[in-house]
Amino acid sequence: MAPAVARLLFLTLAVASSLAVGADALRSLGVGDGATAQGDYAVELDATTFDAFLTASRESFAVVEFFAHWCPACRNYKPHYEKVAKLFNGPDAAHPGRILMARIDCASKVNIDLCNRFSVDHYPFLLWGPPPKFANTKWDRKQEKSKLKLIDDGRTDERLLKWINKQMESLFTLDDKKYENESMLPNNVSYPKQVVQAIYNVAEATAHALQIIF
């Protein structure tokens, strides 16, 4: 196989992979088929989208909740988690671009290895850290100098936000609202949907260009 043809074949496969990841992530965000439940603000990911999504995220920090859909405690906790997620995720967020709030269902077969990567031993299980530090990473409680931290006091929305405020030395409250001129603030805001949509658009355009070349 000629080197030029080999390079084109490799690029084609890479683009196809990017399109698959992008499409799955968009569906998990409520774009296209398989939309998330109305009113959800936390981004529900799975093992096929997790690493790419966290790598692409431009938020300073992320909170990832590992849960099981059959778990009564998780069902009771979800409204608390969503109330905090509403402050940071979505177009109406009071503090966009600061924290990515995500969820992983460990009861789904596709996520078993992912949950084992982070030594999940109870539900709900919450981890905190810079988004890229979650990607392609293994974590356990015994690790020293890890950028990821176990949130050990987030049993209610108030306690979770208090924990976050302590880490960021911030004063966020559950009653915070979005300012009308929020878009004018230099926060380098990037909503989760926009991040994945941009990745997907670039990959799709590249795939179209390759079709023309062939």
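This is a short tour of the sheet, the helices on it and some side chains to select along the way.

Before you start, note that this is a predicted model, in which local features need pLDDT of at least 70 and side-chain atom pairs count only at pLDDT 80 or more, while totals for chains, interfaces and linings use all residues. Residues are numbered from 1 along each chain as its sequence is written, and side-chain values use heavy atoms, with hydrogens and water left out.

Stop 1: Show the cartoon and find the open sheet, where 5 strands run in the order 1-3-2-4-5 with mixed pairing. Strands here are DSSP runs of E with at least two residues, helices are runs of H or I with at least four, and both are numbered from the N terminus; two strands pair if DSSP finds at least two bridges between them. At the edges are strand 1 (43–45) and strand 5 (149–150), each pairing on one side only. Next, select strand 2 and strand 4, which pair in the antiparallel sense over 5 bridges.

**Stop 2: the helices on the sheet.** Colour helix 3 (residues 72–88), which packs on the sheet and touches strand 2, strand 3 (99–105) and strand 4; touching means heavy atoms within 4.5 Å. The direction of helix 3 makes about 155 degrees with that of strand 3. Helix 6 also packs on the sheet, touching strands 2, 3, 4 and 5, and its direction makes about 20 degrees with that of strand 4. Axes are lines fitted to C-alpha atoms, for helices over the stretch in contact, with angles from 0 to 180 degrees between N-to-C directions.

**Stop 3: aromatic rings.** Rings of Phe, Tyr and Trp (its six-membered ring) pair if their centres lie within 6.5 Å; planes under 30 degrees apart are stacked, over 60 edge-to-face and the rest tilted. By this rule there are 11 aromatic pairs. Select Phe66 and Phe125: they are edge-to-face, 6.1 Å centre to centre with 65 degrees between the planes. Both are buried (under 20% relative accessible area; exposed is over 50%, partly exposed in between, with a 1.4 Å probe and protein chains only). Then go to Trp128 and Trp163, also edge-to-face, at 5.6 Å and 75 degrees. This pair links strand 4 to helix 6 (residues 157–168), 35 residues apart.

**Stop 4: Ser170.** Finish in the loop between helix 6 and helix 7 (192–213), where Ser170 lies. Ser170 counts as buried, at 15% relative accessibility.
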